[in-house]
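Trainee: I would like to go through this model with you. Could we start with the overall fold and then move on to the details?

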Amino acid sequence: MAILVTGGGGYIGSHTVLRLLEQQEEVVVLDNFVNASPQALTRVAGLAGRAPHVIEGDVCDAALLTRLFATHRIDAVIHFAGLKAVGESVREPLAYYQVNLSGTLTLLAAMRAAGVHHLIFSSSATVYGQPEQVPLTEASRTGGTTNPYGTSKWMVEQVLRDLALAAPEMALVALRYFNPVGAHPSGRIGEDPRGTPNNLLPYIAQVAVGKLPSVTVFGNDYPTPDGTGVRDYIHVMDLADGHLQALRHSRDRTGFSVWNLGTGRGHSVLEMIDAFRRLSGRDIPYTLAPRRPGDIAECWSDPSRAAVDLKWSATRDLDDMIRDTWRWQSQNPQGYSSE
Ligand code: WQD
């Protein structure tokens, strides 16, 4: 039996595919490579010593999914495929609902028709909207999302909850990631954003390597210790391991489950810049700017439910995250187009 990984060529997907291959799982990747590089999977195969089966195609293509499930013996799906840029989602809401919501509906329908019952879905801490308090537990209020990207993730969670009630044979899991960062410690795979990065750590990394002149710090008047935004950054290898544990846990279970994947610790923007400067030895100039619209002051997880249920906790600290990001960025200044 094999595991289907949609979006397996992307940032979190490629690290998870590597961990699955290392666990001797058979892996089928479905990716349209719109925001991913086939090179990532070539490098994953190099690291693992064996390759996934790669299908280039779209998760919205119902006929392709039907053929895929008929051809490969799939017993679980890890669904990463989707669009993920918050700002772009405000400009292109239909694309976000089409790919993230409709794509997931198409996938679920194909799974049901093929009798595949296990799904792990890439959700996000963004489903909590404006947090009433931190840390966030899985029982914290969700909804009140402020952009179509976040709303699409929240909507898929509602779909999964309803489907689990209607189809009691299914095991449906939503993993709510906090802020994924870092790279595989080999420096061979990592995050390769299209154009100028939107997220803080890839932006800092590109300043450190000399591709961008300085970091813009969005707001230093938040009610946080140094006035800048605080987030729960989590190493992508810890996230990948969280998927393996969730898969293992859901194998002999049914119903809809949700877990936070975070470290339970928050770090400010200035702390991130300082740590990056210390670990890379590079100058990281920054300028202060007004708050970014839609941003919240602080967001971090209570990860204890995953620790109890999944026997999973993050094991890599901030220095690991930054060291691994820097190794990837400095060895691959142009991302996957570096070679
Ligand atoms: C982190 C902190 C910024 C860039 C977003 C999505 C979320 C998830 C991860 C992804 C904030 C500050 C940032 C910069 C800065 N989804 N910042 N200068 O906003 O917590 O979460 O990405 O696929 O759904 O909302 O992450 O990395 O953009 O920002 O000062 O150039 O860094 O204000 O405090 P965020 P981020």
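Mentor: The protein chain has 11 helices and 14 strands, where helices (H or I, at least four residues) and strands (E, at least two) are DSSP runs numbered from the N terminus. This is a predicted model: local features need pLDDT of at least 70, side-chain atom pairs count only at pLDDT 80 or more, and totals for chains, interfaces and linings use all residues. Residues are numbered from 1 along each chain as its sequence is written, and side-chain values use heavy atoms, with hydrogens and water left out.

Trainee: In which order do the 7 strands of the open sheet come?

Mentor: The order is S3-S2-S1-S4-S5-S6-S11, with parallel pairing. Two strands pair if DSSP finds at least two bridges between them. The edge strands, each pairing on one side only, are S3 (53-56) and S11 (255-261). Neighbouring strands of this sheet are turned by 20° against each other on average, direction ignored. For such angles, axes are lines fitted to C-alpha atoms, for helices over the stretch in contact, and angles run from 0 to 180 degrees between N-to-C directions.

Trainee: How many bridges join S1 to S2?

Mentor: There are 5 bridges between S1 (residues 2-6) and S2 (residues 26-31), and these strands run parallel. Thr6 stands opposite Leu30 in S2.

Trainee: And which strands does H6 lie across?

Mentor: H6 lies across S5, S6 (171-177) and S11, and runs at about 150° to S5. Contact here means heavy atoms within 4.5 Å.

Trainee: What about the sheet of 3 strands, how is the pairing there?

Mentor: That open sheet has the order S12-S9-S14 and its pairing is mixed. Its edge strands are S12 (267-268) and S14 (298-299), each pairing on one side only. S9 (residues 230-231) and S12 run antiparallel and are joined by 2 bridges. In S12, His267 is the bridge partner of Arg231.

Trainee: Changing topic: how many cavities of 30 Å³ or more are there?

Mentor: The count is 2 cavities of 30 Å³ or more. On a 1 Å grid over the protein atoms alone, a cavity is a set of points where a 1.4 Å probe fits but cannot get out, and lining residues have an atom within 4 Å of a point. Grid points are joined across faces, edges and corners, and a volume is the space filled by probe spheres set on the points.

Trainee: What lines the largest cavity?

Mentor: The largest cavity holds about 100 Å³ of space. Its lining has 13 residues, of which Glu191, Leu201, Pro202, Thr325 and Trp328 lie nearest the centre. S7 (179-181), H7 (200-208) and H11 (318-331) each supply at least two lining residues, and H7 gives the most, with 4 residues.

Trainee: And which elements supply the lining of the second largest cavity?

Mentor: H5 (93-114), S5 (118-124) and H6 (148-166) each supply at least two residues of that lining. The second largest cavity has a volume of about 40 Å³, and its lining residues include His79, Asn100, Phe121 and Lys153.

Trainee: Last point: where is the cis peptide bond?

Mentor: The cis bond joins Val134 and Pro135, with omega about 0°. Pro135 lies in the loop between S5 and H6. Phe33 also deserves a look: its phi is near 55°, a positive value in a residue other than glycine. Phe33 is in the loop between S2 and H2 (38-48).

Terms used
1 Å grid on protein atoms, 1.4 Å probe; cavity = no way out; pocket = protein on both sides within 12 Å on 5 of 7 lines; lining within 4 Å.
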